[in-house]
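Dear colleague,

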Amino acid sequence: MADDAFFFRSRRGLPVELQEAQAWIEGIARGYGLEFCETVFEMCDWEEINMLAAYGGFPTRYPHWRWGMDYIQMDKGYEYGLQKIYEMVINTRPAYAYLLDNNTLMDQKLVMAHVYGHVDFFTNNAWFQHTNRRMLDQMANHATRVRRHIDAQGQEEVETYIDMCLSLENLIDPYLPHIRRERSESEREKEQVRQASGFSKMPAKQYMDKYINPPEFLEAQRQRQQERLEQQARFPEEPVRDVLGFLLKHGRMRPWMSDVLSIIRDEAYYFAPQGQTKIMNEGWASYWHTTMMTRDILSDSEVVDYADHHSGTVAMRPGQLNPYKLGIELYRHIEERWNKGRFGKDWADCEDVATRRDWDTGAGLGRQKIFEVRRTHNDVTFIDQFLTEDFVREQGLFTTEYDKTAGHFVVDSRQFADVKQRLLLMLATRGNPRIAVTDANHANRGELELTHDHEGVDLQLEWAQLALGNVARIWGRAAHLVSRLDDKPVVLHHDGDHFEIEKPAGKAAKKPEGRP
């Protein structure tokens, strides 16, 4: 593969035939109202596109063994006919898209239409507005900085430290770019002055005072004042979900370690919106490639091949949720509802099955509505607001549970509420535990306390042990994680060398197996 986390390739532009197709498809996309920045298409052979995919779409990344591992996995998948990357697009300005050179002409046109859908989504969706559009240059800068640290510290030491940071890269707050979590220093000072003056009574004349300020009210005020003082004495004052940011700001580490951790954190925040909008993004691109291909682009001789390739993209496999399929069908469902006026109070109040089935006010607002949805929502709000009981029934969605007796998964429920709850839980966490820093001076020893927001799913102890140990090593002192196992409270402890589980009875037991 590439040497030192970058590879050399001559940039190959499009042949004349594809240049003409690109200009034509770009005009069609803009005619439908898509808005996107300049998009640069480049041709790649299968080895090059696998290399780019291993690097997350970027031609240069910091040196690390993971890129080679990812490349080998993709290379073997292509060689054995298990997978094929038709295209890849990255969220930069201009946007870069890579086409596989052995695709058919029909495939290349489909991919271009799909790419323009993605770039429109990157450009207009609110959850991408804070991403670095010059990330192509930033990734190269990150690579240079890491190589400089390798030259000074040695490859093994730096790579080991990168491994530690990568084990924690999901401990960020994906909503942080959109919400101000911390108060400014001036706000803290004002709060301290206000609290130092004690609580105040409601203004009242003397003869009305016992009615305006009754004893229970004054007691409640005293308790609130005490809680504020106790909270102010804690550090941090509020739980901090951006664990990497907290370690970066307050951890005990050498300058080069701090720089490497900041690189891992920056890249984690760059990729976070893509995880938050996977269903919407792929659904939007699929909706538009389907619309443009079937209405404007396909020739008669290409219809069968297109139908075959598109059906493979949106096929639902057993036990898996296909974001392409769910996304495109939900956009179509929204478009149909707003075209037929199936929204608002009258629609919600209607309980007659026949009337609802034939409901069509001719509103014609479907296309306008899906553009509005594309601009403001992420996957969680998309599902929460627009998933309907009719949609779940039409698409045949259901939840599954593992049957230990049978040894395989079985259908658990087809109820709308159960399906929606399962989807929202899956999308809200994306498989990652919600963990926040709750005390940076645990037991008054400068140790770090983390709290797991348990949502019905226990932590995987092997991974918790590894991650907590790395938190302790980066923090410089022991780390503790408050959680639940088997519906009982536990506290996991790691001092960087030894791991223990404190059970409800207060007895600590070493983990019998696992990594240090």
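How many cavities of 30 Å³ or more does a search of the whole structure find? The search finds 1, where a cavity is a set of points on a 1 Å grid over the protein atoms alone at which a 1.4 Å probe fits but cannot get out. Please keep in mind that this is a predicted model, in which local features need pLDDT of at least 70, side-chain atom pairs count only at pLDDT 80 or more, and totals for chains, interfaces and linings use all residues. Residues are numbered from 1 along each chain as its sequence is written, and side-chain values use heavy atoms, with hydrogens and water left out.

The largest cavity holds about 30 Å³ of space, a volume being the space filled by probe spheres set on grid points that are joined across faces, edges and corners. Among the residues that line the largest cavity are Cys 37, Ile 90, Arg 93, Phe 122 and Arg 133, lining residues being those with an atom within 4 Å of a point. Helix α4 (residues 105-124) gives the largest share of this lining, 3 residues; helices here are DSSP runs (H or I, at least four residues) and strands likewise (E, at least two), numbered from the N terminus. By class, the lining of the largest cavity divides into 5 nonpolar, 3 polar and 2 charged residues, with Ala, Val, Leu, Ile, Met, Phe, Trp, Tyr, Cys and Pro counted as nonpolar, Asp, Glu, Lys and Arg as charged, and the others, Gly among them, as polar.

Arg 93, one of those lining residues, is joined to Pro 94 by a cis peptide bond with omega about 0°, and Pro 94 sits in the loop between β2 (87-90) and β3 (95-100). A further backbone detail is Ala 443, a residue other than glycine whose phi is positive, near 55°, and which lies in the loop between β6 (435-442) and β7.

The second largest pocket (an open set with protein on both sides within 12 Å along at least five of seven lines) contains about 1,100 Å³ of space. Of its 38 lining residues, Asn 170, Gly 431, Asn 432, Pro 433 and Gln 460 are the closest to its centre. The largest share of the lining, 6 residues, comes from α21, and by class the lining has 21 nonpolar, 8 polar and 9 charged residues.

Lastly, the axes of helix α18 (residues 379-386) and α20 come within 9 Å and cross at roughly 165°, axes being lines fitted to C-alpha atoms over the stretch in contact and angles running from 0 to 180 degrees between N-to-C directions. Therefore α18 is roughly antiparallel to α20, a term for angles over 145 degrees.

Best regards

Notes:
Parallel < 35°, antiparallel > 145°, perpendicular 65-115°, else oblique.
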